Amino acid sequence: MTPEKIGVVGAGSWGTALARLLSNKNHKVQLWAHRRSHAEEITLYRENRTYLPGFSIGKNLSISSDLTEVVRDKRFLVLAVPSHYFRSVFQGIVPGLTADKILVSAVKGIEEEYLMTMSQVMTEEMAAGGKASGIVVLTGPSFAREVAAEIPTAVTVASKNMESAQAVQELFGTTYFRLYRSSDLVGQELGAALKNIIAIATGISDGLGY
């Protein structure tokens with residue numbers, strides 16, 4: 001695959017793991033950290049010591065706290081911020097969106113105030129004028145440290161635009177990170193959000209000896 005310019009919004013453990021995976025595939029990746037001090041720390045140590053310690057960051061990955069810079073001139077934007085901050089961060093992205101961009105939500109959760117999924121939030125916010133060629137959701141039973149350690153992981157990429165889903169599948173795919181396509185965009189988002197409730201209930205059941 002031809003190297004792409006990619007912006008990853010969110011320098012937590014998951015955003016860093018995905019940015020690291022993409023940069024290791026020779027893509028030019030820029031990672032957005034909310035705090036300037038955090039961006040400078042990652043740049044200095046070439047490691048996200050706060051959220052993903054023990055995994056070095058290669059030369060193809062740069063870090064910035066300037067959201068406009070991270071969005072500019074990128075064909076793919078990977079969004080990996082907490083769901084309760086998602087709308088406010090995405091509002092800052094909308095002015096820089098162009099019709100050629102593919103948006104990839106790697107967020108697990110539902111917006112608390114309006115009970116919307118992240119793809120619905122993006123669609124609503126872009127109604128004000130932002131553009132993108134596709135919205136894709138990346139989700140599945142995955143852990144940041146395991147992906148960083150290259151432990152075999154399978155996830156799903158879902159979109160109403162299957163060309164965009166295939167592009168994201170090819171973008172992320174490695175020998176240890178496998179992606180399957182789906183057209184059930186909202187279903188995948190709901191599954192990712194609701195599985196934690198089921199997991200908690202199962203844990204309570206086990207704790208009670210049931």
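**View 1. Arg-75 and its partner Glu-4 in the predicted model.** At 34% relative accessibility, Arg-75 is partly exposed, a class that lies between buried (under 20% relative accessible area) and exposed (over 50%), with a 1.4 Å probe and protein chains only. Arg-75 forms a salt bridge with Glu-4, and the closest N and O atoms are 2.8 Å apart. The pair links distant parts of the chain, 71 residues apart: Arg-75 is in the loop between helix H3 (67-71) and strand S6 (76-79), and Glu-4 is in the segment before strand S1 (5-9). Glu-4 has 15% relative accessibility and therefore counts as buried. A salt bridge here is a side-chain nitrogen of Lys or Arg within 4 Å of a carboxyl oxygen of Asp or Glu. Helices (H or I, at least four residues) and strands (E, at least two) are DSSP runs, numbered from the N terminus. Residues are numbered from 1 along each chain as its sequence is written, and side-chain values use heavy atoms, with hydrogens and water left out. Because this is a predicted model, local features need pLDDT of at least 70 and side-chain atom pairs count only at pLDDT 80 or more, while totals for chains, interfaces and linings use all residues.

**View 2. Salt bridges around Arg-87.** The search of the whole structure finds five salt bridges. In one of them the side chains of Arg-87 and Glu-111 meet at 2.7 Å, N to O. Arg-87 lies in helix H4 (residues 83-93) and Glu-111 in the loop between strand S7 (102-105) and helix H5 (118-126), so this pair ties together parts that are 24 residues apart in sequence. Both Arg-87 and Glu-111 are buried. The side chains of Glu-125 and Arg-87 also meet in a salt bridge, at 2.5 Å, N to O. Glu-125 lies in helix H5 and Arg-87 in helix H4, so the parts tied together here are 38 residues apart in sequence. Glu-125 is buried, as is Arg-87. Through shared partners, salt bridges join Arg-87, Glu-111, Glu-124 and Glu-125 into one network.

View 3. Helix H1 (residues 13-24) has twelve residues and reaches 16 Å from its first C-alpha to its last, close to the expected 16 Å at 1.5 Å a residue. The expected span is 1.5 Å times one less than the number of residues. H1 is mostly covered, with ten of its twelve residues buried. Among the buried residues are Trp-14, Leu-18, Arg-20 and Leu-22. Just after H1, Asn-26 takes a positive phi of about 75°.

**View 4. Glu-40 in helix H2.** Glu-40 is found in helix H2 (residues 36-45). Its relative accessible area is 44%, so Glu-40 is partly exposed. The C-alpha atoms of Glu-40 and Val-29 are separated by 16 Å, and the two residues are eleven residues apart along the chain.

**View 5. The hairpin of strands S3 and S4.** Strands S3 (residues 47-48) and S4 (residues 52-56) run antiparallel and are joined by two bridges. Two strands pair if DSSP finds at least two bridges between them. A hairpin of three residues joins S3 to S4. Glu-47 stands opposite Ser-56 in S4.

**View 6. A nonpolar surface patch.** Ile-200, Ile-204, Leu-208 and Tyr-210 make a nonpolar surface patch of about 520 Å². Ile-204 is found in helix H8 (residues 185-207). Patches are made of residues with over 30% relative accessible area and no salt bridge; like charges are joined within 9 Å, and nonpolar side chains (Val, Leu, Ile, Met, Phe, Trp, Tyr) within 5 Å. Accessible areas come from the Shrake-Rupley method with a 1.4 Å probe, and for residues only the protein chains shown count as cover.
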